[in-house]
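I'd like to talk about charged side chains today, so let me put the model up.

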Amino acid sequence: MGFHPKSEFLSEIIARGFLADCTALEELDTRLYQGRVTGYIGFDLTATSLHIGNLVQIMLLRWMQKTGHRPITLMGGGTTKVGDPSGKDEMRKILSVEQINANADGIRRVFANYITYGEGETDSPLVNNAEWLDKLGYIDFLRDIGKHFTVNRLLAFESVKSRLDREQALSFIEFNYMLLQSYDYLELHRRYGCALQMGGSDQWGNIVSGADLIRRVEGAEAFGLTTPLVTRSDGKKMGKSADGAVWLNDDMMSPYEFWQWWRNVADADVGKFLKMFTELPVDECERLGAVGGSEINESKVRLANEVTTLLHGAAAAAAAEATAREVFERGGTGEELPTLVLSAGEVADGISIVQLFVRAGLAGSGKEAKRLIADGGARLADAPVTDAGLMLGAADLGAPVKLSAGKKRHALVQLG
């Protein structure tokens, strides 16, 4: 017989596909059922924006808050200075403190769309582990925390073992990362009564170590929960597109492009993504994901609207849908398409169609643009482009011109 959770939080996340592993599932369920639990997820500050691969964790925190518990979004201002070796094949570049702080500001903007911050009982405190890690006395840390970790156990961690097995360098600073993440959990337990750490499945070893440290130092029970690695039906990792990462910050990816990514997911992914990335009832998600024919396209529009509304607001989602319908159904240009603005000087001697596709972000390189043209996938103002040597001048760009790569990716080019 399967496990039937009593708590609303576990019922919701299990039904939606968020659970991979848990340290003591039934005991955690009892704690969640009996009263409010504080849980956290740490986010390293390696980029100015999170991408859609991080949405699993953000939605987990949102569900925690929606079901009456208190989530903590832990900014890794301290641990980012070290670098997490989990799932990495090489040493991470060390970022400057200024860059880490700038990244924290960018990431904070995203969280505010999903989670309520403040002083209320279920409000999230926004915490940065630089608060305690920056003040650590190294010798004291080794004496108080290091004594609870054996090198044998650290070497057995998958994140360490895989690097060593492949004879790839693991710096001593990265080797310390597990101790620091465990210490974060201990600090949050002491400061906020935090009893649950969540994260991706690659964090299992780090999370278990933190719960173990709390038990050894404080004699208290703490839990760990991980989410599965979410892949698309083609086996590729969530968070990537043909052009790179699908960013959550609107200054790195427009709401329209974000909406389009969700509108273009594979038919087989619709039901799963609706369950994980929207708040529609589970049975409704399954129904929308099971339809066939042209109906599945309307389910994809629903998915795109729901996910975009959560991140960018209902107005941005409605504008994106209207633009998409104008572009695809009525052949218009759509004002919200990504736009490449060229100066008159840049086109004085003409500009090649290949360069336009690259600069508009529809091809990653000149070679890719030429291949797109050769394969018949490039269009200029809805007409096929057959000549990779085509040059365009100011007269050709007097009005905004639509470029298309395949049926789903478009951009405008105009003179500034």
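This is a predicted model: local features need pLDDT of at least 70, side-chain atom pairs count only at pLDDT 80 or more; totals for chains, interfaces and linings use all residues.

Residues are numbered from 1 along each chain as its sequence is written, and side-chain values use heavy atoms, with hydrogens and water left out.

By salt bridge I mean a side-chain nitrogen of Lys or Arg within 4 Å of a carboxyl oxygen of Asp or Glu. Searching the whole structure turns up 22 of them.

Let's start in helix 4, residues 97–111, where R108 and D105 sit three residues apart, about one helical turn. Helices here are DSSP runs of H or I, at least four residues, and strands are runs of E, at least two, numbered from the N terminus. Their side chains pair up at 3.1 Å, N to O.

How far apart are the closest N and O atoms of R109 and D251? That's 3.6 Å, again a salt bridge. R109 is in helix 4 and D251 is in the loop between strand 8 (244–245) and helix 12 (255–263), so this pair ties together parts 142 residues apart in sequence. D251 is exposed at 58% relative accessible area, while R109 is partly exposed at 44%. For the cut-offs, buried is under 20%, exposed is over 50%, and partly exposed is in between, with a 1.4 Å probe and protein chains only.
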